[in-house]
Amino acid sequence: MERQPDLKQLFGPIEPTELMKKFFQEHPEAKWNDALAFLLDSFPQVADGQVQYLIDGGTAVHLLHPEREEPLDVDIIVRSEEFKRNFVNARIVVPKTPKDWCSDHVIPYNEQIVEKIFALHVQIQFSGRTILIVCPEFLALSKSIPWRGKPQERAKEISDLKLLSVSTEMIQRLKETLGI
């Protein structure tokens, strides 16, 4: 009988990296803003002139509109599966590749989406830091997709759409530009 390969060796650790693990052990009550500060301090958003990850989801909406309720986690869009492995099971930090992001939002994946998500990011200031987030148009696109979750979560998506103030025409133009 042929021996099966060790999946841990093939696919990397199932736990967060030692750095992430240590942070959560030392800060078991860490909230989203603690995780965001740690993330920005430990993993530069730009390396070798290329954006490595962007802040997404409710955290991005909250950073743009502080009146929004505070998020429970920090969603990030990462450029690669390799970089994503830094955050597997990292509790508060939720990484997604562009392919994951498209799948979650029932959007057909294509390379143009990857380039646009990372090229059209927005730079904001928060607690004395410069943070790169997904642009409001992509945030609105992701929140305008018919919701498959709990009804109370859909209400939050609708509230986020109102805060983002991106017109349905703009969302439609973005869809056409992306070929979706």
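Which side chains meet in a salt bridge at 2.9 Å, N to O? The pair consists of D104 and K96, a salt bridge being a side-chain nitrogen of Lys or Arg within 4 Å of a carboxyl oxygen of Asp or Glu. The model is a predicted one, in which local features need pLDDT of at least 70 and side-chain atom pairs count only at pLDDT 80 or more, whereas totals for chains, interfaces and linings use all residues. Residues are numbered from 1 along each chain as its sequence is written, and side-chain values use heavy atoms, with hydrogens and water left out.

The secondary structure of the chain comes to 10 helices and seven strands, where helices (H or I, at least four residues) and strands (E, at least two) are DSSP runs numbered from the N terminus. Of the 180 residues in the chain, 42% are buried; buried denotes a relative accessible area under 20%, exposed one over 50%, and partly exposed the range in between, with a 1.4 Å probe and protein chains only. Among the contacts in the chain with a separation of 6 or more, 57% are accounted for by residues 24 or more positions apart, a contact being defined by heavy atoms within 4.5 Å.

The structure holds eight salt bridges. In the pair described at the outset, D104 is partly exposed, with a relative accessible area of 33%, while K96 is buried at 17%. A further salt bridge joins the side chains of R129 and D41, at 2.5 Å from N to O. Because R129 lies in strand β7 (residues 129-133) and D41 in helix α3 (residues 32-42), this pair ties together parts that are 88 residues apart in sequence. R129 counts as partly exposed at 25% relative accessibility, and D41 counts as exposed at 56%. E69 also forms a salt bridge with K156, for which the closest N and O atoms are 4.0 Å apart. Distant parts of the chain are linked by this pair, since E69 is in the loop between α4 and β4 (74-78) and K156 is in helix α9 (residues 151-164), 87 residues apart. K156 counts as partly exposed, with 30% relative accessibility.

The buried residues of α4 are G57, G58, T59, A60, V61, H62 and L63. H62 counts as buried at 7% relative accessibility and, when its neighbours within four places in sequence are left aside, is in contact with W32, R68, E69, E70 and P71.

Helix α8 (residues 136-144) and helix α10 (residues 168-178) pack at an angle of about 95°, with their axes 10 Å apart; the axes are lines fitted to C-alpha atoms, for helices over the stretch in contact, and angles run from 0 to 180 degrees between N-to-C directions. This angle makes α8 roughly perpendicular to α10, a description that applies from 65 to 115 degrees, whereas angles under 35 degrees count as roughly parallel, those over 145 as roughly antiparallel and the rest as oblique. The contact is made by E137, F138, A140, L141 and S144 of α8 together with M170, I171, L174, K175 and L178 of α10. These residues divide into seven nonpolar, one polar and two charged, where Ala, Val, Leu, Ile, Met, Phe, Trp, Tyr, Cys and Pro count as nonpolar, Asp, Glu, Lys and Arg as charged, and the others, Gly among them, as polar.

With a disulfide taken as a pair of cysteine sulfur atoms within 2.5 Å, the count comes to zero disulfides. C102 is buried, with a relative accessible area of 1%, and C135 counts as buried at 4%. C135 is found in the loop between β7 and α8 and, not counting residues up to four places away in sequence, touches L120, H121 and V122.

D48 lies in the loop between β1 (46-47) and β2 (50-51) and counts as exposed at 85% relative accessibility. S165 is placed in the loop between α9 and α10 and counts as exposed at 63%.
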